[in-house]
Number of protein chains: 2
Amino acid sequence: MKPLRIATVNVNGIRAAYKRGMDQWLAGRDVDILCLQEVRAPDAVVRELLGDSWHLLHAEAEAKGRAGVAIASRIEPSATRSSIGEPYFDTSGRWVEADFKVNGSSLTVVSAYVHSGDVGTPKQDDKYRFLDVMEARLPALAAESDHVLVVGDLNVGHTERDIRNWKGNLKKAGFLPEERAYFDRFFGDGVGYVDVHRALSGDVDGPYTWWSWRGKAFDNDTGWRIDYHLATPGLAAAALEATVDRAPSWDTRFSDHAPVVVDYSL
Amino acid sequence: MKPLRIATVNVNGIRAAYKRGMDQWLAGRDVDILCLQEVRAPDAVVRELLGDSWHLLHAEAEAKGRAGVAIASRIEPSATRSSIGEPYFDTSGRWVEADFKVNGSSLTVVSAYVHSGDVGTPKQDDKYRFLDVMEARLPALAAESDHVLVVGDLNVGHTERDIRNWKGNLKKAGFLPEERAYFDRFFGDGVGYVDVHRALSGDVDGPYTWWSWRGKAFDNDTGWRIDYHLATPGLAAAALEATVDRAPSWDTRFSDHAPVVVDYSL
DNA sequence: CCTACTAAG
DNA sequence: CTTATTAGG
């Protein structure tokens, strides 16, 4: 049986990503379920760019040109939702859920875009509030489907291996102890999800998924691993291979984030 | 005696112009006095881009990133002014004057940027008000110097030969009868200036100096001649040659306007 | 440093 | 269609 290929990527504006060759990446990757964050475009534009070969679930943000998440799939979802369970976030373009039937099992896929945060500002409060709701939503989803996969830009590096310059970022949004503790719990017995890429790659540095556009961050691989596949244990056990599509393997850099692609033998 | 080469160009943002190769144009043209409009950058940025081989007179607009005119010269001005004579326009970045001594004669050069206007809006009132003040300033300048040259983006096409699609623009700002009448007066006995390029090129269509970025306006030469050299008669008689630097002669299009370059044998 | 928005051209 | 600004990342 051909594995199910699921990719997540923060496109940082899908119009800009297409200008930079995102279509070439897509054409070469044969993705079954494509999860996008920071779409930053109206629904009609997204449909036009992706073409009609996808089923598209897209949650725009209320603010024009901000955030926006989507799930584009070759197979049709049996159900879709665009709420994380807290009305405050329903128009923020940060969370969509799609249910699929795959070989007799139910699979829920989530495309998530956690706030970037900013210490000492209301943005950080929103980030914690979102992570709180997410922490409650994860086990609820796991109770409803055979398999759950939450992917996206979670804007937190979990461990010292997930950020190149971790010492310099201990007080920065994205690597705060309080943020990292959420991920300890996501991956702990209570919530019970698995960090798929970390499980497959083992205890190594990276692989990073985001690099600042500034300076030579990308060339020097001064990056952060903040784009994840969080899977329920049965699904995580079915993960065959995980890849970050960045140079040198893939030479089109169409966003400041690189796609994280995982094959699941479901 | 080597003629004095004076160029005018609306750069539509000097930063963007340099990115598109304005420096290559400048390097190949050996200009003595360079008049700029729509500089749209802080003074420090302009000085950095032009380098230290110029004397620079630069009037920024009060509004950041808007308008801005400059005169960069290889020879040092004996005096400079940045008022057209009406305080309302003093912070609009639309008028600068520099006086030079050239071979024993006095020469005043003005870099002007007339409002684009918009029929039925306050912008059109400002445009008329500016043209009113300009109409008063022209003879005053002529009385003070041996030679006066007012160059820049005057945002009005004078005659039917100055706009490709003149019939379609009779009611549009830039070709309104009331605007064109100002130029009849500028070139009439009362004010007494000469349209240098028209005098040299004769009664032909164009040559145009501005083409919209939209569509194929540039390739089809659907343009407007709105960038001028207005000279007092003695100076106009000294004009040897006038050129619009556009393709095919010059292949770098660094602005939606092309430079108008004139050699004066002073 | 890059995105999209907006006003201006 | 392009410019620079602004907020957001």
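This is a predicted model: local features need pLDDT of at least 70, side-chain atom pairs count only at pLDDT 80 or more; totals for chains, interfaces and linings use all residues.
Colleague: Start with chain B. What is the strand order in the open sheet of six strands?

Modeller: The order is β5-β6-β7-β8-β10-β9 in chain B, and the pairing is mixed.

Colleague: Which strands stand at the edges there?

Modeller: β5 (79–81) and β9 (194–195) of chain B do. Each has a single partner strand, so one side of each is left without a neighbour in the sheet.

Colleague: And β7 with β8 in chain B, parallel or antiparallel?

Modeller: Parallel, over seven bridges. β7 covers residues 105–113 and β8 covers residues 147–153. Val109(B) stands opposite Leu149(B) in that pair.

Colleague: Which helix packs on that sheet?

Modeller: Helix α4 of chain B, residues 122–144. It touches β5, β6, β7, β8 and β10 of chain B. Its direction makes about 15 degrees with that of β6(B).

Colleague: How do α4(B) and α5(B) pack?

Modeller: At an angle of about 5 degrees, with their axes 11 Å apart. That makes α4(B) roughly parallel to α5(B).

Colleague: Which residues meet there?

Modeller: From α4(B), they include Tyr128(B), Leu131(B) and Leu138(B). From α5(B), they include Tyr182(B), Phe183(B) and Phe186(B). The residues of this contact divide into seven nonpolar, one polar and six charged.

Colleague: Switch to chain A. What is the order of its six strands?

Modeller: Chain A has an open sheet ordered β5-β6-β7-β8-β10-β9, with mixed pairing.

Colleague: How many bridges join β6 to β7 in chain A?

Modeller: Eight, and the two strands run antiparallel. One bridge pairs Lys101(A) with Ser106(A) in β7(A). Helix α4 of chain A, residues 122–142, lies across β5, β6, β7, β8 and β10 of that chain.

Colleague: Which side chain sits by a base oxygen?

Modeller: Arg40(B), with a side-chain N or O atom 2.9 Å from a base oxygen of DNA strand D.

Colleague: What about Ser116(A) and Lys123(A)?

Modeller: A polar side-chain atom of Ser116(A) is 2.9 Å from a sugar or linking oxygen of DNA strand D. For Lys123(A), a polar side-chain atom lies 3.3 Å from a phosphate oxygen of DNA strand D.

Methods. Residues are numbered from 1 along each chain as its sequence is written. Chains are lettered from A and ligands numbered from 1 in the order in which they are written. Side-chain values use heavy atoms; hydrogens and water are left out. Two strands pair if DSSP finds at least two bridges between them. Helices (H or I, at least four residues) and strands (E, at least two) are DSSP runs, numbered from the N terminus. Contact means heavy atoms within 4.5 Å. Axes are lines fitted to C-alpha atoms, for helices over the stretch in contact, and angles run from 0 to 180 degrees between N-to-C directions. A polar contact is a pair of N or O atoms within 3.5 Å; within protein, one must be able to donate a hydrogen and the other to accept it, and residues adjacent in sequence count only if both atoms are side-chain atoms. Angles under 35 degrees count as roughly parallel, over 145 as roughly antiparallel, 65 to 115 as roughly perpendicular and the rest as oblique. Ala, Val, Leu, Ile, Met, Phe, Trp, Tyr, Cys and Pro count as nonpolar, Asp, Glu, Lys and Arg as charged, and the others, Gly among them, as polar.
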